[in-house]
Amino acid sequence: MARKRSTDSDELGTAARLRAAETMFEVTTQGIMICDSKARVVRVNPAFTKITGYSQSDICGRNPRFLSSGRHDDAFYKLMWDAIYRTGKWEGEIWNRRKSGEIYPEWLIVAANKNEDGSVESYLALFSDTSKHRRDEERISYQENYDALTGLPNQRLLHDRVHQALKQAAAAGHQAGVLYLDLDNFKIINDSLGHGVGDALLVEMGKRIKSCLRDHDTAGRFGGDEFLVVLPMVHSAEEAAMVVHRLQAAISQPIRLKGQEDDTVLTAGIGVAFYPDDGKTAGELIRNADTASFHAKEQGRNTYQYFTEEMNARAVESLSVENMLRSSLDRGEFVLHYQPKVDLRHGKITGVEALVRWARPDKEGLALPSTFIPLAEETGFIIPLGEWVMKTACAQARLWHGADAPPLTMAVNISARQLSKSGFIDDISRILEETGLPPGLLEMEITETALMKNTRDAIAILRRIREIGIRLSADDFGTGYSSLNYLRSFPLDTIKIDSTFVADISGGGGGATLAAAVVAIGQSLGLKVVAEGVEDNEQLTFLRQQWCDEIQGFLFSRPVPGDDILPLLKEGRRI
């Protein structure tokens, strides 16, 4: 009786397992195919039909080889069946064909079900459609390696392409080349016409650059308005020059932008570097081509330059100076000097301009701004340096304000990078609060060119600055390209005549006419006009005749340390 109950229990357990297996066969999302010992299809599950498109009736009795995609050769299938015969199992990725004809990837497990004597009773194939996974992988790979806007290889893939080109060149014993293209004045177009137009231009430039190349060359977008061309095989500098000339011709073809009546013509500065002479690694070659591109742009628009060791020496020098700049700020090696501004009606000092000087550790004396400010702007160091200048100047002005001296306006130069920095307004408000300087005694001098780099954003920021009570001045006026309409839009208090115009007043050039015109513009807009760089009485007399409001220059005083300003005020010097 006990043995009978055990047998009944076993039978019930087997039946339950069979029902569970049947349920799983029907509901699983993996395709299942059962074949007999001669590899003829006996049964398939619903998931098989959903994935392949073939129903039970379509496939029953057939050999599964008709599902083959044609992507795999006989050797592939031989290895697969050898593994099944030897181990009873094979697993791997295989490409098959759906009923619709579409080829797709699947992850397949084939297992042989054997009898007690070792002969094959049946085969079980279990598979998953991996096409979505493949598409996801390809999409991620594409996003990692291609630029979303132009569809060209991005910086990551370009580095790899250069690396591969260098390996091929080294093995074959020939040169490889890298061309670094930097579009001229693209930022002006982008800021003035909008990012949509700028993006369309970049797409078009990418197509034009690619159209100039051979099949085995690569064009990619390195970032922003910069493109890179990889030439895996170059026999001479003249051959690279031919590619450069094709690129210049293609890029400079006129293009009619949406919403514009006139054609736009773009150009590029192009730097050229060769393996192995100009670099042995991808990073070094790209960096040197970039350096050559920078020097090309210094020569003007639509030019190209080959990399030279002299350029490299200058780049190394720039890097050294940049490192010194950063450490000098920490060591307190920057100082401010102040140049008085004088009212021409009363002859009295009304304010000063703060001018930074650098006590370079490797040279004697104080370095003038022209020797390091351009590098500071290029590298972004102007942000921490500019904040130090602002804080130091405001603290100095507060000291004078509390020393029974007449109120002096402190003018501080602001760069375009500072103006566009996130949180710039908050930084200024914090500095004024910390130093206790009344906002009305602070004036920000911003070059006309900086104002025009992104006019809409600049106007919004300047209005917020004016709301604080800070005065605003357009520096180097007349050297940029602003129109009167733009000038009216800016919430300015002052415009400054550039020193080059003032110098020409007594030099017999056209400076007198230009200076007079700037004064007239300022008067018509109700703005104060200041002339800088006044060095002789002829210039002073002319500016007085034009009713210029204020002057600053060596004629009255050179820039002096902060401790020398109060003695100047007490001395009562007039002009």
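Helices (H or I, at least four residues) and strands (E, at least two) are DSSP runs, numbered from the N terminus. Axes are lines fitted to C-alpha atoms, for helices over the stretch in contact, and angles run from 0 to 180 degrees between N-to-C directions. The model is predicted, with local features needing pLDDT of at least 70 and side-chain atom pairs counted only at pLDDT 80 or more, while totals for chains, interfaces and linings use all residues. Residues are numbered from 1 along each chain as its sequence is written, and side-chain values use heavy atoms, without hydrogens or water.

The domain assignment, which is automatic or taken from a database, divides the protein chain into domain 1 (20–135), domain 2 (146–307) and domain 3 (324–571). The centres of domain 1 and domain 3, taken over C-alpha atoms, are separated by 79 Å.

Five strands form an open antiparallel sheet in the order 2-1-5-4-3, where pairing requires at least two DSSP bridges between two strands. Strand 2 (41–44) and strand 3 (89–97) are at the edges and have a single partner strand each, so one side of each lacks a neighbour in the sheet. From one strand to the next, the twist averages 25 degrees. Strand 1 (residues 31–36) runs antiparallel to strand 2 and is joined to strand 2 by three bridges; I34 has R43 in strand 2 as its bridge partner. Helix 4 (residues 74–87) lies across strand 3, strand 4 (103–114) and strand 5 (120–129), at about 150 degrees to strand 3.

Helix 6 (residues 155–172) packs against helix 10 (residues 282–298) at an angle of about 110 degrees, and their axes are 9 Å apart. The two helices, helix 6 and helix 10, are therefore roughly perpendicular (65 to 115 degrees; under 35 counts as roughly parallel, over 145 as roughly antiparallel and the rest as oblique). In this contact (heavy atoms within 4.5 Å), H159, V162, H163 and L166 of helix 6 meet A282, G283, L285 and I286 of helix 10. The contact residues of helix 6 with helix 10 comprise five nonpolar, three polar and no charged; Ala, Val, Leu, Ile, Met, Phe, Trp, Tyr, Cys and Pro count as nonpolar, Asp, Glu, Lys and Arg as charged, and the others, Gly among them, as polar.

Helix 13 (residues 382–401) and helix 15 (residues 424–435) cross at roughly 30 degrees, with axes coming within 9 Å. This makes helix 13 roughly parallel to helix 15. E387, M390, K391, C394, A395 and R398 in helix 13 meet D427, I428, R430, I431, L432, E434 and T435 in helix 15. The contact of helix 13 with helix 15 contains six nonpolar, one polar and six charged residues.
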